[in-house]
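Thank you all for coming; I would like to take a few minutes to go through one model with you, beginning with the overall fold and ending with the charged side chains.

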2 protein chains.
Amino acid sequence: MAQLRIALAQVNPTVGDLDGNADLIVEWTRRAADAGAHLVAFPEMMLAGYPVEDLALRASFVEACRRALDRLARRLADEGLGDLPVVTGYLDRRPVGLVRSGQPAGAPLDAAAWLHGGEVLVRSAKHHLPNYGVFDEYRIFVRGDRLPVVRVNGVDVATVICEDLWQDGGPVSVTSASRAGLLLSINASPYERNKDDVRLDLCAERAREAGCALAYVNMVGGQDELVFDGDSLIVGPDGTALARAPQFVEHLLVADLALPAADPSAEPGRVPVDALDGTTITIDRHVLTPDPPPAYPVLPQTFAEPMDDLAEIYAALVLGTRDYVRKNGFRSVVLGLSGGIDSALVATIASDAIGPENVHAILLPSRYSSEGSVVDAEDLAKRQGVNARVVPIAGMVEAFERQLDLHGLAAENLQARIRANVWMALSNEHGHLVLTGGNKSELATGYSTLYGDSAGGFAPIKDVFKLTVWDLARWRNTQAGVDLPFLHPFLHEPIPEAIITKEPSAELRPDQRDRDSLPEYTELDPVLADYVERDMGREALVAAGHDAGLVDRVIRLVDMAEYKRRQYPPGPKITPKNFGRDRRLPITNAWREK
Amino acid sequence: MAQLRIALAQVNPTVGDLDGNADLIVEWTRRAADAGAHLVAFPEMMLAGYPVEDLALRASFVEACRRALDRLARRLADEGLGDLPVVTGYLDRRPVGLVRSGQPAGAPLDAAAWLHGGEVLVRSAKHHLPNYGVFDEYRIFVRGDRLPVVRVNGVDVATVICEDLWQDGGPVSVTSASRAGLLLSINASPYERNKDDVRLDLCAERAREAGCALAYVNMVGGQDELVFDGDSLIVGPDGTALARAPQFVEHLLVADLALPAADPSAEPGRVPVDALDGTTITIDRHVLTPDPPPAYPVLPQTFAEPMDDLAEIYAALVLGTRDYVRKNGFRSVVLGLSGGIDSALVATIASDAIGPENVHAILLPSRYSSEGSVVDAEDLAKRQGVNARVVPIAGMVEAFERQLDLHGLAAENLQARIRANVWMALSNEHGHLVLTGGNKSELATGYSTLYGDSAGGFAPIKDVFKLTVWDLARWRNTQAGVDLPFLHPFLHEPIPEAIITKEPSAELRPDQRDRDSLPEYTELDPVLADYVERDMGREALVAAGHDAGLVDRVIRLVDMAEYKRRQYPPGPKITPKNFGRDRRLPITNAWREK
């Protein structure tokens, strides 16, 4: 056996920020060196950021990323870090500019590199490309066909990339044939509710299949609609979990592993192997340090427990919001605070994400706003210490009504749009990002005003059903005084109880209640989950026990709301199926479930 | 040789409208029978509509489409059309419910069927799946591996689907091996500027490769952002064009072809053949009518000339707008008419698309509107006979300004958003679809107000650069009195000359001009075309002869405007690269060309 101290750098890059991401790699490589690591690994696409989408098809970006990788290798050596092998994801392309019809322009690769001694030692690329849900990688990448196996401290380390673990055959199968002592997987695997255990089980299964320990490093941070939760982990050859990083924070997971020493007869060079998925993969062997180091004392091991469901969701929303604000160059947000539960939760998420001093809440009472709403909103603002301002809209509504004779929905929508005009004006005047408060139940059923309450730059609870909105508000109130990296240290409950218990209303006409237009949320949300997230049709929904009349009503609402959903701003994604990128329906929706 | 009268039904289905599309197939099959055709062919995905996007992943929709095909076959026979072979596109799935990781859910197929005698005779599916530009078919389809060869009138007819023609190897190669006498290609090929000649050249090349005549039937009509132009055509085995349908209208292209009689020794059954693209395709032979009919006199041949560039673009915009209105269940539109060229062209397109009596133009003068603008807008409304209404916005602006202290851009945007509130209110009150007037130059550079002038349900000139907006306006004025299916019969010039010649201005502050914020359009548009449509980076743009300072300025504008573009409504697409579906960049744009 040989000892290897591996460091998994669970860090937060930004799509497109090549310089900033390179700085992160240097900084965390130094931390790994300081911790005495023999090898440090960074997430998939670390240098370019992920998801890059069609930026991968722009030749000038690919070239910039390739040059940045070479510069990074030299810089690591210049800064005295050249002896520590670094594995990192980056964006590359096939070396030959072969143009094939139907192949992504420039043949981009979701690549990994080993950096050592100021140079790029070996390059490889993801073999299995995911092409479902939020992933469209057949569109932007071509597949890799090489498995690097690099000897470090006398241990053969094979590297694969993310989806390579999720599909049968390919690099994992070839790892087994290579008799590597460690399989290192670099990832950008987005958070989904309950996904953590799926990942651990998968790593255990693939470790047994590869016949060696497996180290899994994941990205952390919000990037556009995705939130990466980290949760990097290491399992032994039998699938036992050995080390685990905390979720939703940057972290260097350092572990001392006892691994089988490499067979010295396996010499540097390339050997093609049947990958058992209809393709051939070439093992590309390199030797950095042929022999194990002298025995040394091992470090105590980090093993973070996964979070509870509500804590996990809340952390994802805070991190998604914080990074969206930061990565888009904003420092403050503005939002309409109605006194209802949705805007209350969004304000609280914003306070937790960027500090209440950077949150600007606008109270926009109309002739239909209850006194309770204004009082509750003011109470919340005071509890959290956010900036609050009252802008009554009655005079603006009257100015429109002097010119236009509006009734029913048109009159209701007008008020919502006037409110949006106010927060957009304050956004333009002061440079705040607008947060919008719509939840997934509203969004799915179209219960919102286009260019009104749905307007804004980011929608923190876009992927949260109404019942979960209430759960999260109650959960957040239980955390007053708790010290967690994604919570502002409020000493008292940040959300007034009255906001949580009141009946939901848009307050756009006298005595309006959500249940005038929608089923009760206790009935609505379970049908929405099955229809939207599980793509179940009418027959399947009824067979699953939902009331047929309710199913018909919900389907009609959802199918009619498609266009409005397309106009919605991005928001952190926490379920397998949302709207927009991972549920792309035609605009003209002549087919309806029936 | 054998005679075959083929009918290509260039028709306009609607995505999801299974009943309506089946009605179209029955109606046009009857027309083909009345014309004495021996075979009638409909476009790709005719029964489901195209593009179906992720609707293909919903099992209940796929099943509904499969059932609709069986019903259609029986109905054709019930209505006395069972003897005429019908080839049509539809949505199917792999027969075995094999679940493979990374494979689209339900294994959907972009399928073709031969219908005859009340039954489905043979089914096949598209082999080459396009996965670039507007196409993401690896996401929603699995590939077919069968080439049907059906003997009709003693001629062996092979059928392939759209992209099968565009890529090397596969079904065309197997057609050659099958010694078919006719290759029938069914298509849903969207319009792009100058694409028609590319298609004709491709058909000629593939006919020579297959060693037989080639009949190409294409869809026509607007569907969401795509416009299908028809242009169905037939070429001989040497590539000579024999027949061609007009563009942008439904049409039955009937042609009498003299084709080689089939080898009688080629018997019904299945034979696997190397497809020369790394796959095997099975030839599936059927015999309907083994022998040629007695000789009969041939019909005179249709040969439509392709349109001029401007006529073609204008027709695409009118058809795209008309079908978007109709397929989404609207009958009328509302739009803001400023007196500028963009809203003037949009109003004219709307008049041509749905008739001026269904167009509601709102004039929304502010304190900064010039008198000329109002006069010109009123002149246009009178020339075209659209419904016009003046709604001054000064009082509304003042009501906001009493509450908010706004400057610069914030004050300008407020006016644009108030105008949008007015047309959205009239849309909600009266059920009109809102048309928005932004052009591609504005959209690319972000020179518009989010939730203001960019708000609406459809953007007819979204994919038209400003210089082309002027060209189209001038061209349309030359067509007064001309009788074309996509023009309203205005007897005089529909657009006042003053609107075409005035200097462009948003009129949101005193003496504002577009050139205060943007380069002159004669400089801007060529750089935009290279940067946006050809994905050229900074170096390549400068090497192509653009001024470096101008390039830097345009790149900065375009890279910063990404988020606003995502919020833009759909519009007819007329170039290879637009925004949104076919140019999907990450939301966080930390990387900029430099």
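Among contacts in chain A (heavy atoms within 4.5 Å) between residues at least 6 apart in sequence, 76% join residues that are at least 24 apart. Before I go on, please keep in mind that this is a predicted model, in which local features need pLDDT of at least 70 and side-chain atom pairs count only at pLDDT 80 or more, whereas totals for chains, interfaces and linings use all residues. Residues are numbered from 1 along each chain as its sequence is written, chains are lettered from A and ligands numbered from 1 in the order in which they are written, and side-chain values use heavy atoms, with hydrogens and water left out.

Chain A has 19 helices and 20 strands, where helices (H or I, at least four residues) and strands (E, at least two) are DSSP runs numbered from the N terminus. Its C-alpha trace spans about 85 × 50 × 45 Å along the principal axes, and of its 594 residues 64% count as buried, which is to say under 20% relative accessible area, with exposed meaning over 50% and partly exposed in between (1.4 Å probe, protein chains only).

Let me turn to the salt bridges, each being a side-chain nitrogen of Lys or Arg within 4 Å of a carboxyl oxygen of Asp or Glu; over all chains the count comes to 88. In one of them, Asp23(A) and Arg75(A) meet at 2.8 Å, N to O, and this pair links helix H1 (residues 18-34) with helix H2 (residues 59-78) of chain A, the two residues being 52 residues apart. Asp23(A) is partly exposed, at a relative accessible area of 39%, and Arg75(A) is partly exposed as well, at 28%.

How far apart are the closest N and O atoms of Arg476(A) and Asp352(A)? They are 2.8 Å apart, in a salt bridge, and since Arg476(A) lies in helix H13 (residues 466-478) and Asp352(A) in helix H8 (residues 341-354) of chain A, the pair ties together parts that are 124 residues apart in sequence. Both Arg476(A) and Asp352(A) are buried.

In chain B, Lys126(B) forms a salt bridge with Glu137(B), again with 2.8 Å between the closest N and O atoms. Lys126(B) is buried, with a relative accessible area of 1%, and Glu137(B) is buried too, with 2%.

Finally, back in chain A, a network of salt bridges links Glu63(A), Arg66(A), Asp70(A), Asp92(A), Arg93(A) and Arg123(A).
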